[in-house]
Amino acid sequence: MVSLNRKFAVPQAKISGPKAKFAGPSHTEVLLEISLLHTKPRIWREFSVPGNIRLDRLHDVMQVVMGWTNSHLHAFRVGSNEYGQADPNDAGWQQSMGDAITRDESKFTLRDLITTAGDKFHYNYDFGDDWEHEVTVKAILPVTKRLKSARCIRGERACPPEDCGSIPGYEELCEALPNPKHPEHDHWKEWIGSYDPARFDLDEVNLRLSVVRV
């Protein structure tokens, strides 16, 4: 069993405690921008969620907005605190491999990670390929009622195919697939078929978000 305790190679976020005090109204809409690190051109999305969304459900939302298939482990990281999916079959799932204090993400909400616009935290997906995302709070807006669904506002480019070999594999894929003369063209064509790295369908993303519980 792979441990959720993984040391992220990312800068420390602004919030260091496990329970940041959220100063604001009880019902809020939080506008977030998520960006997949180390990719050029940048792969990013802007989306909104309720301020008190649980982290396990925020994970579900981010999987949809980015285009991942929820096939691997994941974790949120802010400061020295890491939040992941508890594993009842692994008594040592909270044992640290680095400086992280590991916590059960289902017991925390977005409001435990952020306090104001400009705050940042990190989201890591697939501990093999290590897809590292930076999430930035763009705005925190008061609303009269709790939001019933997440909403994607804008974004650019498709996320990499699952299990393509992290950033080096993704870069080779983008170079080889449209070029029949590339030595790895046949390999990628057979493995993935067609793939358009520039594709992003906002309507499709929001249709899928409409059934995601927040």
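# Reading the labels in this model

Reader: Why does Asp130 count as partly exposed?
Author: This is a predicted model, and the value is computed from it. Asp130 has 24% relative accessibility. Buried means under 20%, and exposed means over 50%. Asp130 falls in between, so Asp130 counts as partly exposed.

Reader: Where is Asp130 found?
Author: Asp130 is in the loop between strand 6 and strand 7.

Reader: What is phi of Asp130?
Author: Phi of Asp130 is near 55 degrees. That is a positive value in a residue other than glycine. Most residues other than glycine have a negative phi.

Reader: Which other residue has phi near 55 degrees?
Author: Asn70 has a phi near 55 degrees, and Asn70 is not glycine either. Asn70 sits in the loop between helix 1 and strand 3 (74–78).

Reader: What makes Asn70 partly exposed?
Author: The relative accessible area of Asn70 is 41%.

Reader: Where does Asp129 lie, and what does Asp129 touch?
Author: Asp129 lies in the loop between strand 6 (120–125) and strand 7. Leaving aside residues up to four places away in sequence, Asp129 touches Asp163, Cys164, Gly165 and Ser166. The C-alpha atoms of Asp129 and Ile167 are separated by 7.9 Å. Along the chain, Asp129 and Ile167 are 38 residues apart.

Reader: Which residues of helix 2 are buried?
Author: Helix 2 spans residues 166–176. Its buried residues are Ser166, Ile167, Gly169, Tyr170, Leu173 and Ala176. They pack against strand 2 (43–50), strand 7 (131–142) and helix 3 (185–192).

Reader: Why do residues three or four places apart in an α-helix point the same way?
Author: An α-helix has 3.6 residues a turn, so residues at that spacing point the same way.

Reader: What makes helix 2 roughly perpendicular to helix 3?
Author: The axes of helix 2 and helix 3 cross at roughly 100 degrees and come within 9 Å. Angles of 65 to 115 degrees count as roughly perpendicular. So helix 2 is roughly perpendicular to helix 3.

Reader: Which residues meet in helix 2 and helix 3?
Author: Helix 2 brings Gly169, Glu172, Leu173 and Ala176. Helix 3 brings His185, Trp188 and Ile192. By class, this contact has 4 nonpolar, 2 polar and 1 charged residues.

Reader: Why is helix 1 called roughly antiparallel to helix 4?
Author: Helix 1 (residues 55–66) and helix 4 (residues 202–209) have axes that cross at roughly 155 degrees and come within 9 Å. Angles over 145 degrees count as roughly antiparallel. So helix 1 is roughly antiparallel to helix 4.

Reader: Is the crossing of helix 1 and helix 4 left-handed or right-handed?
Author: Helix 1 passes helix 4 in a right-handed crossing. Val61, Val64 and Val65 of helix 1 make the contact with Val205, Arg208 and Leu209 of helix 4. By class, the contact has 5 nonpolar, no polar and 1 charged residues.

Reader: How many disulfides does the structure hold?
Author: The structure holds 0 disulfides.

Reader: How do you know that Cys159 is in no disulfide?
Author: The nearest cysteine sulfur to that of Cys159 belongs to Cys164, 9.0 Å away. A disulfide needs sulfur atoms within 2.5 Å. So Cys159 is in no disulfide.

Reader: Why do Cys159 and Cys152 count as buried?
Author: Cys159 has a relative accessible area of 8%, and Cys152 has 3% relative accessibility. Buried means under 20%, so Cys159 and Cys152 are buried.

Reader: What makes Ser35 buried?
Author: Ser35 has a relative accessible area of 9%. That is under 20%, so Ser35 is buried. Ser35 is in strand 1 (residues 28–36). Beyond four places away in sequence, Ser35 touches Arg42, Ile43, Trp44, Glu132, His133 and Glu134.

Reader: Which peptide bond is cis, with omega near -5 degrees?
Author: The bond from Lys40 to Pro41 is cis. Pro41 is in the loop between strand 1 and strand 2. Most peptide bonds are trans.

Reader: How many helices and strands does the protein have?
Author: The protein has 4 helices and 8 strands. From the N terminus, the elements run β-β-α-β-β-β-β-β-β-α-α-α. Buried residues make up 52% of the 214 residues.

How values were computed
Residues numbered from 1 in each chain as written. Predicted model: local features only at pLDDT ≥ 70, side-chain atom pairs only at ≥ 80, totals over all residues. Heavy atoms only, no water. Axes fitted to C-alpha atoms, helices over the stretch in contact; angles between N-to-C directions. Helix = DSSP H or I, 4+ residues; strand = E, 2+ residues; numbered from the N terminus. Parallel < 35°, antiparallel > 145°, perpendicular 65-115°, else oblique. Left-handed = near helix turned anticlockwise from the far one by under 90°. Contact = heavy atoms within 4.5 Å. Nonpolar A, V, L, I, M, F, W, Y, C, P; charged D, E, K, R; others polar. Buried < 20%, exposed > 50% of the residue type's maximum accessible area, 1.4 Å probe, protein only.
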